[in-house]
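Subject: Structure handover

Dear colleague,

I am passing on the structure below, together with notes on what was found in it. Please read the notes with the model open beside them.

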Amino acid sequence: MTIPRRTALASLAAFSVIRAHAQAWPAKPIRVVVNFPPGGAADQIARAVGTPLSEALGQPVVVENRGGANGNIGGEAVAKAAPDGYTLLMSSGGMVSVNPHIYARMPFDPVRDIVPVASAARVLVYLLVRPDLPPRNIAEFIAYLKANPGKLSYGSPGNGSSPHLAGEMMKAQANVFSVHVPYRGAAPALQDLLAGQIDYFFDPGIGLNQVRAGKLRLLAVGSPKRSPAFPEVPTLDEAGLKGFDADTVFGFYAPAGTPAEVIARLNREINRILQTAPLRERMLALGGEALPLTPEQFHQRAEEDSKRFGAIIKARGIRGD
């Protein structure tokens with residue numbers, strides 16, 4: 001089939017505009033939408049990466065928090081933004097690997113409408129308890145849960161969040177029952193744990209300074225391997241909950257249609273930043289680890305997490321708020 005000359009010229013012109021735009025990018029500030037409230041892991045990671053990224057690109061990187069619906073509100077805002085490289089999303093992997101399993105309908109398609117740009121960190125979850133709770137270790141804690149069915153409560157950043165799924169995994173594998181209290185973000189859940197309003201919390205790293213200060217007790221890590229930040233603390237797998245893995249990957253996304261050259265530049269700069277000592281130390285302080293990946297590797301990880309989390313979501317009948 002012969003393509004009409006006018007159509008070919010129009011396509012070539014459009015391609016030239018896109019290419020010229022990508023070459024000129026960035027020419028103005030870049031907005032990073034964090035789809036959870038301030039103070040949580042996504043917010044802290046976005047700000048930790050945002051400052052050196054701004055220096056690398058020569059433009060301000062402005063972080064904007066738009067929490068709600070387990071990340072869907074911020075995700076929708078980015079999915080519907082212009083695909084020009086000036087709007088990015090920082091999200092936990094749950095928006096892609098969990099939300100399609102827990103919501104009958106979503107306001108956007110996280111696979112079709114946004115694309116992976118760069119992973120940022122593998123975020124572990126830490127089982128924290130209020131310090132006046134009697135158990136002193138994970139074995140005693142599980143025994144205490146069994147002896148007090150339904151009397152303890154745990155918080156999470158919301159239904160379907162990785163801390164919530166970690167709590168449900170533990171309940172299923174240990175055959176215990178406790179009450180789930182969803183919050184609009186990890187920071188409010190942590191505050192209620194510190195205030196004694198809830199009994200425990202699978203923390204995505206934001207409460208570790210409170211552990212170091214003796215205000216909370218860390219009993220176990222919900223990861224396949226021990227945390228380098230707390231190598232003396234056992235994993236739940238070691239405690240008898242075999243195969244326990246509630247890790248999730250946080251990273252940056254862009255609206256579908258964002259120029260490939262822009263995504264490649266962002267991936268290259270973010271991966272370089274993640275390999276610097278200050279960022280590695282910052283991620284370690286948050287209880288995670290920097291995780292530079294290509295967009296393709298980041299996408300593959302999300303697919304693997306979708307299968308893993310989808311199984312527990314189906315088994316426990318978890319639904320979105």
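To begin with the largest pocket, its lining consists by class of ten nonpolar, two polar and one charged residues, where Ala, Val, Leu, Ile, Met, Phe, Trp, Tyr, Cys and Pro count as nonpolar, Asp, Glu, Lys and Arg as charged, and the others, Gly among them, as polar. Please bear in mind that this is a predicted model, in which local features need pLDDT of at least 70 and side-chain atom pairs count only at pLDDT 80 or more, while totals for chains, interfaces and linings use all residues. Residues are numbered from 1 along each chain as its sequence is written, and side-chain values use heavy atoms, with hydrogens and water left out.

The pocket and the cavities

The largest pocket holds about 210 Å³ of space and has 13 lining residues, with Val96, Val111, His299, Ala302 and Glu303 nearest its centre. Strand 4 (114-123) and helix 12 (295-316) each supply at least two residues of that lining, and the largest share, five residues, comes from helix 12. Helices (H or I, at least four residues) and strands (E, at least two) are DSSP runs, numbered from the N terminus. Pockets and cavities are found on a 1 Å grid over the protein atoms alone: a cavity is a set of points where a 1.4 Å probe fits but cannot get out, a pocket is an open set with protein on both sides within 12 Å along at least five of seven lines, and lining residues have an atom within 4 Å of a point. Grid points are joined across faces, edges and corners, and a volume is the space filled by probe spheres set on the points.

The lining of the largest cavity has 14 nonpolar and ten polar residues, and no charged ones; helix 8 gives the most to it, with three residues.

The second largest cavity contains about 50 Å³ of space, and its lining includes Ala41, Ile45, Arg122, Met283 and Gly287. Helix 2 and strand 4 each supply at least two residues of this lining, of which strand 4 gives the largest share, three residues. By class, the lining of the second largest cavity divides into eight nonpolar, two polar and one charged.

Strand 5 (residues 126-129) and strand 8 (residues 200-203) pair in the antiparallel sense over four bridges, and leucine 128 has phenylalanine 201 of strand 8 as its bridge partner.

A helix pair

Helix 2 (residues 41-57) and helix 11 (residues 277-285) have axes that come within 11 Å and cross at roughly 170 degrees, which means that helix 2 is roughly antiparallel to helix 11. Axes are lines fitted to C-alpha atoms, for helices over the stretch in contact, and angles run from 0 to 180 degrees between N-to-C directions; angles under 35 degrees count as roughly parallel, over 145 as roughly antiparallel, 65 to 115 as roughly perpendicular and the rest as oblique.

Backbone details

A cis peptide bond, with omega about -5 degrees, joins tryptophan 25 and proline 26, and proline 26 is found in the loop between helix 1 (5-24) and strand 1 (30-34).

With best wishes

Note on methods
Pairing = 2+ DSSP bridges.
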